[in-house]
Amino acid sequence: MALLRLLCMWLLVAGTQGVKDGDMRLADGGSANEGRVEIYYSGQWGTVCENMWDLTDASVVCRALGFRNATEALGGAAFGPGHGPIMLDEVRCTGTEPSLANCSSLGWMRSNCRHDEDASVICTNETRGVYTLDLSGELPAALEQIFESQKGCDLFIRVKAREEDELAMCAHKLILSTNPEAHGLWKEPGSRVTMEVDPECVPVVRDFIRYLYSRRIDVSLSSVKCLHKLASAYQATQLQSYCGHLFAILIPQDPSFRMPLELHAYSLATRDPVLEEICVQFLAWNFGALTQAEAWPSVPLALLQDLLSRTELVVPSELVLLLAVDEWSRERRPSHEEVEGLVEKVRFPMMPPRDLFSLQFNLSLYWSQEALLQKKILQALEFHTVPFELLAQYWGLNLTEDAYQPRLYTSPTWSESIMSSSYNPYRSFQTPPHPSFLFQASSVSWSFVYLPTLQNCWNYGFSCSSDDPPLLALSKSRYSNPTIGYENRALLHCEGGFVADIIDFKGWKALIPSALGTNSSRNASFFPCPAGFFSRFQVVIRPFYLTNSTGID
């Protein structure tokens, strides 16, 4: 029996023995040269999503597995759906990488794909044995020179802005016809094309046409929006997707908040839900800073309503949020009904009684919304003074509604911070057990630690695996109340103060993502830090009433 157990253990281990992160294999193919692409990471095999999957990516897989090249790059789970995590999405290889892990992508296990979108390949059966001199790296520059020469053309391009000619250039049909990105430039036979563009985008049109030659382009904060417009208008789908991905990198570079607001309006006009969510996410995570910016009064009503409906909204306190709405309404002068709609989204139970009392003296919209505000204040005072069991029993209140859920409050009452460069990465602090005034006489003690290395884990008495650091650790005192749970968050700040990502605590620890948007052993933060590191870590305590027996603590 013991021998049988050892044999079973050997069989289980043998499948992954010697396998390392980034190794690849083909699964469920009819022969060794075809199948679903699977890649190994963090102790398990997973699949690759078909988004942006092409022959260049497929060739990286085939060459890594000993084949000369790929003949087909397939999507739609051509060899059947896989199992386990989807490891990579939006893979973009140059063709010289040793593994898909070295190609550009969204990062490890960052995907919304399903397994019916798994990528597959068919490789050539000819194995290595041919030595290749590859000077193709010189081609982009050579093709750019042909375009810049403006000689020997057979396609003439007029660029118009507001019905006026702004620019003229010529191109070469044969070169453009080899690039699928260029096929949308001229849809009708002929030698002349007219491009109608916005006046502010005229300066980047030449860059766009040059890209259709060389298939490479530099994108900056000032050019990304116009290049996205041109790519969208002329079906240059790879450039469109690349610019969309860059918005998450470029948006934080504008501390005035003008760019995310403009891009949000642009996303609505172009019906781009991905870009819209990127903009709203950034504004929600940096809402406190937004309310202090000069651009605050220019926030559109619909966007403000969207932001106020979110629980993952970073703001010092609910009172600060309401005062900001008050300032916004003074500047914008919305209708009575529009203000009423905004007030409905404010979470009055999250304000302590002292703040509730002060509203009649500090809020300019108080008297125009007196009836509604008095109703909301009464609702909040009941929350602060009546045990939740009675509220649920006699008033039928649903304490899982948004009004009773704390947002991400960054005031000292509910948060603590550690600088990443601090000599002492340990903080102890106290918070109330719960926002209700019923608990104000008690407190909960917390310990918050930044653990950049395994040695730090040992020094502070935490049991970490070698893959855990860098991480944040959070523990609380023995205070226990069966009616209260906690869903705490860690805010990751970059230099300049903006919040780049928000992470959950799984038990006592929260693993810190990579601060740069590059493929690494860690997922990348939602918004990369230009400096390459997080400057500050901030924990936010979020208590809530447990309304059933399965809580989070």
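Accessible areas here come from the Shrake-Rupley method with a 1.4 Å probe, and for residues only the protein chains shown count as cover. By that method the accessible surface of the chain is about 27300 Å², with 53% of it belonging to carbon and sulfur atoms. This is a predicted model, in which local features need pLDDT of at least 70 and side-chain atom pairs count only at pLDDT 80 or more, while totals for chains, interfaces and linings use all residues. Residues are numbered from 1 along each chain as its sequence is written, and side-chain values use heavy atoms, with hydrogens and water left out.

**The chain as a whole**

- The chain contains 17 helices and 21 strands; helices (H or I, at least four residues) and strands (E, at least two) are DSSP runs, numbered from the N terminus.
- The C-alpha trace spans about 85 × 80 × 45 Å along its principal axes.
- Of the 553 residues, 48% are buried, where buried means under 20% relative accessible area, exposed means over 50%, and partly exposed lies in between (1.4 Å probe, protein chains only).
- Among contacts with a separation of 6 or more, 66% are between residues 24 or more positions apart; a contact means heavy atoms within 4.5 Å.
- There are 44 positive and 62 negative side chains, and the centres of the two sets lie 2 Å apart.
- In that count Lys and Arg are positive and Asp and Glu negative, while His and the chain ends are not counted; the place of a charge is NZ of Lys, CZ of Arg, CG of Asp or CD of Glu.

- Helix H13 covers residues 336-344, and Val 339, Leu 342 and Val 343 are buried in it.
- These residues lie on the same side of H13 because they cover an arc of only 100° around the axis; the arc is that of the directions from the helix axis to the C-beta atoms.
- An α-helix has 3.6 residues a turn, so residues three or four places apart point the same way.
- The buried residues of H13 pack against helix H11 (301-308), helix H12 (318-332) and helix H15 (370-385).
- In helix H14 (residues 353-362), the buried residues are Asp 355, Leu 356, Ser 358 and Leu 359.
- Their arc around the axis is only 165°, so they are on the same side of H14.
- Arg 354, Phe 357 and Phe 361 are exposed on the face of H14 turned away from its buried side.
- H12 and H15 are what the buried residues of H14 pack against.

**Leu 373 in H15**

- Leu 373 belongs to helix H15 and is buried, with a relative accessible area of 0%.
- Not counting residues up to four places away in sequence, Leu 373 touches Val 343, Phe 348, Leu 363, Leu 365 and Tyr 366.
- Leu 373 and Phe 348 are 25 residues apart along the chain, and their C-alpha atoms are separated by 9.2 Å.

**Two strand residues**

- Glu 38 is in strand S2 (residues 34-41) and counts as buried because its relative accessibility is 7%.
- The side chain of Glu 38 makes polar contacts with the side chains of Arg 25 (2.8 Å) and Arg 36 (3.0 Å).
- A polar contact is a pair of N or O atoms within 3.5 Å; within protein, one must be able to donate a hydrogen and the other to accept it, and residues adjacent in sequence count only if both atoms are side-chain atoms.
- Met 169 lies in strand S8 (residues 164-171) and is buried, with a relative accessible area of 4%.
- The C-alpha atoms of Met 169 and Phe 147 are separated by 9.3 Å, and the two residues are 22 residues apart along the chain.
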